[in-house]
Amino acid sequence: MAAANGMKVALHRQVSGGSMKHNAELRRQASLESPRTGRATSRFLFGRQSSMDPNRRRGRSQSPVGSGTPAEDLSVPENLDATMQLLFFACQGDALGVEGLLRSGVDVNSINLDGRTALHIAACEGHRDVVRILLSWKANIDARDRWGSTAVADAKFYGHSKVYELLKIHGAKVPRTKRTPMMVSVPGEIPEYELNPGEVQFRRGCDITPGMYHIAKWNGTKVSVKILDRDGCSDQEAANSFRHELTVLEKVRHPNVVQFVGAVTQSIPMMIVSELHEEKDLSVCIQKKGKLHAHKVLRYGLDIARGMTYLHQCKPDPIIHCDLKPKHIFLDSGGNLKIAGFGVIRVSKIGPDKVRLINHGALVDSFSYHTAPELYRNDAFDSSVDAYSFGFILYEMVEGSVRTPEDSGHTIRFEGMRPPLKGKLKGYPPDFKALVEECWHPQAMARPTFSEIIIRLDKIYSHCDSKGSWKESLKLWK
């Protein structure tokens with residue numbers, strides 16, 4: 001009884017039947033604790049690991065088999081539950097031991113912490129007799145481990161042609177040989193962020209538009225996913241844009257920047273997965289509430305400025321957004337703003353602090369007044385283009401929903417016209433008006449950096465706080 005209490009195991013199973021069409025309930029072994037100490041023991045890794053396991057490819061396999069220990073000298077380790085015993089016998093090629101456990105009631109599709117079944121293990125080791133027995137017990141022939149590998153893929157990877165052919169005869173889906181634009185040539189180069197595509201699920205009936213972000217679930221957590229389908233993978237420009245966005249996203253970590261979760265780059269469709277904020281974006285907030293109170297404007301402004309300061313200070317080169325606007329700023333459940341949409345527009349460096357757009361046509365929103373005039377002229381530019389956009393974002397938060405005629409973008413960009421501020425900044429100190437006007441200044445040199453913007457907004461915020469300007473707004477603050 002003590003041993004049973006000590007072995008706290010939650011098994012997730014993949015349903016039998018050789019098909020993934022059914023909604024299989026997946027229950028994974030959560031922990032393996034010593035009955036004496038109650039501490040988690042190290043997991044047992046039997047034989048060759050998954051053909052897609054990055055640890056195996058980096059030479060860190062802890063396999064007891066193939067490390068100089070003869071298989072016949074191995075005995076079943078102590079404290080193994082029935083699932084692990086099944087995997088151990090499959091690794092050793094003990095067909096009788098495997099069948100005995102199955103007859104005793106062990107599920108043929110039981111999995112370990114890595115989602116690997118006895119069929120995976122036997123296929124990796126090339127034990128055809130064990131594979132045959134497992135198939136006769138209706139093992140799920142297309143079960144995928146945590147890295148997305150199947151038994152037939154493992155058999156092919158390790159060169160076990162007889163096992164490979166046996167699995168094919170029984171209907172195993174042969175892995176596609178189609179390469180993605182980011183397919184690695186050396187197995188050890190698979191990136192750490194690589195996700196199992198089988199763990200990303202889209203809502204049934206959802207129209208998936210390549211190149212756009214969609215709501216999906218990754219291991220039960222709602223996420224935002226961008227898809228690059230087969231056609232996109234064949235398009236050099238689309239593939240380069242995908243690679244650039246992924247390269248930018250994977251290196252950023254900041255509370256005011258949308259976080260990167262992982263990506264799928266070794267199979268088609270390729271995916272970029274990032275955190276999802278279903279609350280709303282800033283444009284929806286402005287449209288719904290109209291003018292925001294000064295307290296909220298300054299607080300939101302500081303959130304945006306902090307996130308942009310981080311992006312602009314990234315090394316070796318700053319990350320310039322080039323398309324900063326309320327639609328790309330999200331409100332999380334804690335009331336904080338997070339910046340998204342960066343890394344989409346590619347630039348080439350033409351000087352120490354100057355860049356130019358690689359594809360000028362990427363600026364598809366020709367009527368937007370958020371975009372600095374030098375971007376539309378296709379001139380060389382620097383990070384000040386984001387400060388220009390920020391000035392209009394501050395104005396929108398103060399003014400509320402802004403409706404402008406279609407030609408206003410041209411007027412604002414090329415004729416230097418700006419929306420009127422007089423009368424709209426009641427309750428704001430003069431410093432705030434000056435900051436807005438400097439941000440959207442036609443000349444890049446006149447615009448402040450976001451580091452300067454933070455200092456100035458902080459000063460304005462502290463000044464208003466000390467004067468008691470927030471007394472009424474605090475009643476409305478949520």
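The model is a predicted one, in which local features need pLDDT of at least 70 and side-chain atom pairs count only at pLDDT 80 or more, while totals for chains, interfaces and linings use all residues. Residues are numbered from 1 along each chain as its sequence is written, and side-chain values use heavy atoms, with hydrogens and water left out. Helices (H or I, at least four residues) and strands (E, at least two) are DSSP runs numbered from the N terminus, and two strands pair if DSSP finds at least two bridges between them.

**The five-stranded sheet**

- The sheet that holds these residues is open and consists of 5 strands in the order β1-β2-β3-β5-β4, with antiparallel pairing; its edge strands are β1 (200-202) and β4 (260-264), each of which pairs on one side only.
- Neighbouring strands of this sheet are turned against each other by 40 degrees on average, direction ignored, where axes are lines fitted to C-alpha atoms, for helices over the stretch in contact, and angles run from 0 to 180 degrees between N-to-C directions.
- β2 and β3 run antiparallel and are joined by 6 bridges, and in their hairpin, which has 2 residues between the strands, N219 takes a positive phi near 50 degrees.
- β3 (residues 221-228) also pairs with β5 (residues 270-275), in the antiparallel sense and over 6 bridges, and here K226 stands opposite I272 of β5.
- β3 is mostly covered, as 6 of its 8 residues are buried, buried meaning under 20% relative accessible area, with exposed over 50% and partly exposed in between (1.4 Å probe, protein chains only).
- Helix α10 (residues 236-249) lies across β2 (213-218), β3, β4 and β5, and runs at about 30 degrees to β5.

**The three-stranded sheet**

- A further open sheet has 3 strands in the order β6-β7-β8, again with antiparallel pairing; β6 (280-281) and β8 (337-339) stand at the edges with a single partner strand each, so one side of each is left without a neighbour in the sheet.
- β6 and β7 (residues 329-331) run antiparallel and are joined by 2 bridges, and the bridge partner of D281 in β7 is F330.
- Helix α12 (residues 294-312) packs on this sheet, where it touches β7 and β8, and its direction makes about 30 degrees with that of β8; contact means heavy atoms within 4.5 Å.

**Helix α5 and its surroundings**

- Helix α3 (residues 82-92) and helix α5 (residues 118-125) pack at an angle of about 20 degrees, with their axes 8 Å apart, which makes α3 roughly parallel to α5 (angles under 35 degrees count as roughly parallel, over 145 as roughly antiparallel, 65 to 115 as roughly perpendicular and the rest as oblique).
- The contact is made by L86, L87, A90 and C91 of α3 together with A118, I121, A122 and E125 of α5, and these residues divide into 7 nonpolar, no polar and 1 charged (Ala, Val, Leu, Ile, Met, Phe, Trp, Tyr, Cys and Pro count as nonpolar, Asp, Glu, Lys and Arg as charged, and the others, Gly among them, as polar).
- α5 is mostly covered, with 8 of its 8 residues buried, and what covers its buried residues includes α3, α6 (128-136), α7 (151-157) and α8 (161-169).
- G126 follows α5 and has a positive phi, near 80 degrees.
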